[in-house]
Each structure stands twice: as C-alpha cells, then as structure tokens.
Amino acid sequence: MNPSKTINKELLRLAVPNILSNISVPLLSSVDTALMGHESIKHLGAVGIGAMIFNFLYWNFGFLRMGTTGFTAQAYGAKDQTEIISTLFRAAFLALCISVLLVLFSQGVGGLATDLMFVQTDQVDLVLKYFSIRILAAPASLMLFALFGWYFGMQNSIFPLIITITLNIVNILLSFLFVKQYGWGIEGVAWGTVAAQYTGLIIALLLFLIRYRSYLTALKLSSLKQVDKVTSFLKINGDIFIRTFCLTFVFGFFYSQSSKMQANTLEINTILMQFLNWMSYGVDGFAYAAESLVGKYLGASNKEKLKLAVRQSFRWGMSFALLYALAYGVFGEQLLGIFTDESILIEASMGYLFWMIIFPIAGTPCYIWDGIFVGLAASKQMRNGMLISLLLFLAVFYSVKTTYGNHGLWFALCIFLVVRALILWWYYRRGEFKRV
C-alpha cells in the first residue's frame, strides 16, 4: 500500500474518535454557558470566570496527559512493555499527589483566583460557590488526564471517546436536572461536573482492566525507581508545565482584561470564546493523532513515516479549519442565539464575528505543531516557543489596547497563535529528535 495512504488510514483511525470526543468537551462548556445565560447576565459572567479558573488550574497540569502520551507512544513503538506500564503508574501517582494538594488548599486558591481575575464584587460569591464545589472533582479530573494520555500513547482513541462522551452526557443531564428541576443555579452545574468526572474515572479504570490487565505483569518496582527515567519524566513534564502555564496565563489575562473593559465585554467574549473552543477541540483531534503516530514512529526509528505523519496531520487539520471558518461565516449569528437570549449581547457580539472566521485558519497550525512536539517529547522547544509568544502577545496588546479596545485584545490573541506555530516550525526544520 502507498505509504501516504497507510498514514492517512492510521491518522483517521485515531483522529475521528478524537474529534468526536473533543467536540463533546466544548459542548459541555456551551451547555453550562447557555444554562447560566438564560439565568442572568451576572450568572453568565460568573460561570465563564469559574470555568476559566479551572481551565487555568487543570491546563497547567496538562503535562499529565501530554507527557504521558509522548513517553507511552515512544515505548509502544519500541515494544517496551515495562516502560509502557511504568509510565502510567508514574503519571497516576503524580496526578494523585497534585490533586490532593489542590483540594487541601482549595479555599486559598479560590480566593486568590478571584482576585487575579478581577472578578466584579457582585459576582464573587457566585464564582466562589462554583469553585468550592467543582474543586472536589480534582482527583478524578487529573487521574483522567493521566489515563487519557496513556490510552493515546497506546494508539487507542476509542477508550477516550467512550469515556468522554459518557462523562459529558452524564454532566449535561445532571446540570439540566439540578438547574432546571431543582433550581440550584450555578451550584447545579458545578455538582453536575463533579458527579460526571468520577463517573468517567470509574469507566476509565474498568476499561483498563478489561483490555490492558496483562500489562500489569510487566510492571517492575525497579523500573518505577529508575533514576534516569524518573528524572527525564519530571524534566519533560516540568517544561510542559511552564509551557502550559504561559498558555493559561494568556487566556486568564484575556478574561481579566475583558472584565476591565466597557460594560458587557466580559459576557461578549465569554460567548465568543465558545466559538474558539469548538474550533480548537475539533482540530485537536488531528493534533492528538499526531502525538500518537509521531511518538510511535520516533520510538520505532522510522523517520520516513514520521515525516509523512507530520505532513498528513497538517493537510487534514487545515481542511478541518476551513470548514469551521465557513460554518462561522455562514451561521455565526444563529449560533450566538444558542448562548443567550439577551438582544444587547447578540447585537454587540456581531461586531466581532469576523474574528471567528479568521481564528480557525490562523490558529490551527499551532495546535497541530503542539501535537507533533508532544509526540517527539521535545518539551524544551515547546517551552521556549510559548515564552516568546507570550511576551509578544503582551507587547502587541499594550500597544493597541488604547486605540482598538476589545478588537485589540482579539488581535493580540491571534498574533499569539500565529507566532507559536512559526517558532515550532522553525525548531522542527532545524532539529534532530531522539527517543526519550
């Protein structure tokens, strides 16, 4: 069979379940936004900030998924069963330790987060109520990061699909029940998330036992304590942590600046960010597939297929991006009505819809490059590229904010995504990558 066709087949086998799984993630956020948007403008802003706080927290620990995928995929390509299962246990132990600390210090973290996000006084109580409940799901959420990363590394995108769709169905149903039937308001959407996360974790563990129980026989205590492997795992995850911290800082900064602008800017941007979420999670299906394939072929020392996987990931990802841009251009106004029935917000948001057409084309390359570099476990390059992009984002924003206001904020975010892609492209062109 033609090598390109072989790669396409593998890519789609991994990407299609990832796309279906990822699209269901912003669906959950969109449902929460819609539920609160029909409560009041104050509730809409509060759930947007509350969700962003958790994005900030959990995205910072995204290395539990990304680092695990890279290590597992390379061990899978090298057919190293001991390292495959050891990677899962290292990631799971780290996830458990971090989540326990988050729950123990949740009160202080919640207070600090509302201060840093410049939450308006009339929204603080709502945001803290949401936070104090949803933080209870931290152990399940972070353990799922580790398990998802391991499944992706094992070239298995079906299990994450099953888990994510089930989790989100449970979440949506419970959120509707708690908000519409019991009238719990913002606390209802928080409790729906907590229950769904633990449901997802139980399913993830059951699937592991059904399919991968035999790998437990390859687990060796000496491997878990192997200094060079543990050091490499922590170092790469540390780089990814810095990279992700910068990323979440940008989006946290985006929301905080939105709240400091003219009336309703925060609510407008909360709605518009749902468009970006739909795009990013959809395109990430190909980025996740790239993680799995690039890591596998690097572990197997197959440079030809590795390069083909990179090339085809971009072709499919950009094709998908064009579809998003077209859909937002044609149906943008109708989509706004899903998130709020406030005519003032819909009318104000219309002036920013053209950004939603630009972002899929401008932003997709950086998502695909992220997936490629995760598979390569090239964390240093990811870290450096993100630091440079962050500095440029801030420089652009502060140079245009007085003149262009919220449009300047969206422009700076667009530049941030484009520069990330250019830097990673440059690293890839000049780099030689080896198995970790």
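Colleague: What share of the contacts in the chain with a separation of 6 or more comes from residues 24 or more positions apart?

Modeller: In this predicted model, residues 24 or more positions apart account for 86% of the contacts in the chain with a separation of 6 or more, where a contact means heavy atoms within 4.5 Å.

Colleague: How do you know whether the radius of gyration of the chain agrees with that of a compact globule?

Modeller: A compact globule of 436 residues would have a radius of gyration near 22 Å, and the chain has 21 Å, so the two agree. The C-alpha atoms, taken along the principal axes, fill a box of roughly 60 × 40 × 35 Å, and 59% of the 436 residues count as buried.

Colleague: How many helices and how many strands are there in the chain?

Modeller: The chain has 16 helices and zero strands; among the helices are α4, which covers residues 81-104 and includes L96, and α9, which covers residues 186-212 and includes Q197.

Colleague: Why is Q197 called buried?

Modeller: The word buried is kept for residues under 20% relative accessible area, and Q197 has 13%, so Q197 is buried. Leaving aside residues up to four places away in sequence, Q197 touches A137, A140, S141, L144 and L167.

Colleague: What makes L96 partly exposed?

Modeller: Partly exposed is the class between buried, under 20%, and exposed, over 50%; L96 has a relative accessible area of 42%, and therefore L96 is partly exposed. The C-alpha atom of L96 is separated by 41 Å from that of A263, and these two residues are 167 apart along the chain.

Colleague: Is C97 put with the buried residues or the partly exposed ones, and what makes it so?

Modeller: C97 has a relative accessible area of 34%, so C97 is partly exposed, because buried would need a value under 20% and exposed a value over 50%. C366, in contrast, has a relative accessible area of 0% and is therefore buried.

Colleague: What is known about the surface of the chain and its charges?

Modeller: The accessible surface comes to about 17,900 Å², of which 66% belongs to carbon and sulfur atoms, while the mean positions of the 32 positive and 21 negative charges are 16 Å apart.

Definitions and conventions
Residues numbered from 1 in each chain as written. Predicted model: local features only at pLDDT ≥ 70, side-chain atom pairs only at ≥ 80, totals over all residues. Heavy atoms only, no water. Helix = DSSP H or I, 4+ residues; strand = E, 2+ residues; numbered from the N terminus. Rg over C-alpha atoms; globule rule 2.2 N^0.38 Å. Buried < 20%, exposed > 50% of the residue type's maximum accessible area, 1.4 Å probe, protein only. Areas by Shrake-Rupley, 256 points an atom, 1.4 Å probe, with all protein chains shown as cover. Lys, Arg positive; Asp, Glu negative; His and termini not counted. Charge placed at Lys NZ, Arg CZ, Asp CG, Glu CD.
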